[in-house]
Amino acid sequence: MNNYEIADHFSLLSKLMDIHGEDSFRAKSYSNAAFNIERLPADVSAMSDGELFAVRGIGASTGKKIRELQTTGKLPQLEDLLAKTPPGILDMLQIKGLGPKKISVIWTEMGIESLGELEYACNENRLVALKGFGAKTQENVLQNIVYFKQNLGFHLWAEVEEFANSLVKQLAAAHPENFISLTGDMRRQNETVEFVEVVTDIGLTTIGGEFEALPEAVIEEDGEELIVKIPGQPRLKFYFCGGEDFYSALFATTGSEEFMNAFTDRYSIPEHAASEEEIFSANGLAFIPPMMREAAGVLERAAADTLPVLIQPKDIRGIIHSHSTWSDGVHTIEQMAKAARDQGLEYLVISDHSQTAFYAGGLKPEQIAAQHLEVDALNAKLAPFKIFKSIESDILGDGSLDYSQQVLETFDLVIASVHSNLKMTEEKAMERVLNAVRNPYTAILGHPTGRLLLSRKGYPLDHKVLIDTCAQHNVVIEINAHPRRLDIDWRWIEYAMEKGVLLSVDPDAHAVEGYRDTYYGVKVAQKGGLTKESNLSSFSLSEFEAFLKKYREKRK
């Protein structure tokens, strides 16, 4: 172990001691030791104990720890701290501008334990109110998280879509006579992607030569595939084929392994197919859209010609689940409403955080009454556009909602969500969530598992039981469209539709810009076969009001 590696151990020890609130003097001494170890004129292994212990800023006590580290490869005190530190806290130490003391505040006061949760909190404007932070710090943290993530293996589909489409457009402009298309996970609209995959007949040598012109690009050849790594960008993977085989190659590289194995077991790919449509029609199958080529079962529906007409972004008629400056939103209710109206939408469901979400400025009952007066005035001003009075009510530990029946009665509808104490067994999670679903005031179950893609799995649920219970109590299940959530998972959409459960693509918008997230919600919902008829936010204003009438009858 060289001096730099030893210094890193002591530096991490110092930082973790600060994060855990341990003796600041000792933490500082280990930080100083790390500084001095890096600057030793000789390697520690070549120094005698007398020489090492005599170094200012090291001494006998730290010197003995260095020797133990050299012998065992471990510092017991550091190992103890690592054992009680969530891995995500260590990731935060890699973010420029976040020192141990700020991380400690984020962890202890907000319960944030991963970079994904931290990024989400920044996007929801929650760091601003923390002591020692502010808007500028929050923005810097957010930018540095993005930079850090760009150097990891996976990306959110939403984060790379624009880059991927731009890449294909640039290649098409440079090679107008050739075939080029996104494929793989990107084309299937998967929530997360490891590569931006492209299939083309341009030729490996030509593509490779173009990227070799970029000094920072790293190129790897693997048979007929080419992988390109460019700092700060998602990794690229190119598949190559002849022009006459382009559509066959596009088809073969688009489907998941499960889908393609099932297809090749039962069907065949025509030689030199002129289109993907020809591949399906030649086998007596209805055309399966790329995003649905995941599970083998979709082939049976294609054979029976019972594939759904998928929801489209233009089918969204209203914004359900949005926050304003009354809680942790960026814009006022009027600004949120006018932005929705100007986008051609018919209604807005304003659903600020409830009183238990103190960290997000949750509303006390007296604030709710004042907010409702504002909504009434705005509805008179903005008609025929309509704002509905809602709340995102926290589901408490026992499954109850965090307002009295008298307060809940004042809302047009209630979205019930879990925001705290997420580390639950399946038994506890199911008891908590099902109790909320059974509450007659619950209209929509918000982001059902609490997951954050690439950072938090969410609490475990028995989805079948949950969906069956929602069907029994006429509760809508949200497809939270925030690109980091996309929750409920699309894999359960078909089952929910079979059970007659309405779903709702909702942006969970904390600013008018958040309305765009409905696009990502629709894209992932298409994978599960969602139709506009089964999506609440596709209801017209009159249809939505009819839905609310039935909901109010349930509350009686």
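Analyst: A nonpolar core is a set of buried Ala, Val, Leu, Ile, Met, Phe, Trp, Tyr and Cys residues joined through side-chain atoms within 4.5 Å. Buried means under 20% relative accessible area, exposed over 50%, and partly exposed in between, with a 1.4 Å probe and protein chains only. This is a predicted model, in which local features need pLDDT of at least 70, side-chain atom pairs count only at pLDDT 80 or more, and totals for chains, interfaces and linings use all residues. Residues are numbered from 1 along each chain as its sequence is written, and side-chain values use heavy atoms, leaving out hydrogens and water.

The largest nonpolar core has 80 residues, of which Ile387, Ile479 and Phe544 touch the most other members. Its largest share, 6 residues, is from helix 20 (residues 426-438); helices (H or I, at least four residues) and strands (E, at least two) are DSSP runs numbered from the N terminus. Apart from this core lies another, of 41 residues, including Leu16 and Leu98.

Now the strands. All 7 of the 7 residues of strand 9 (residues 347-353) are buried, so strand 9 is largely enclosed by the rest of the structure. Strand 8 (residues 318-322) runs parallel to strand 9, joined by 4 bridges; two strands pair if DSSP finds at least two bridges between them. In this pairing Gly318 stands opposite Tyr347. Strand 9 also pairs in the parallel sense with strand 10 (residues 386-394), over 7 bridges, and here Tyr347 stands opposite Lys386.
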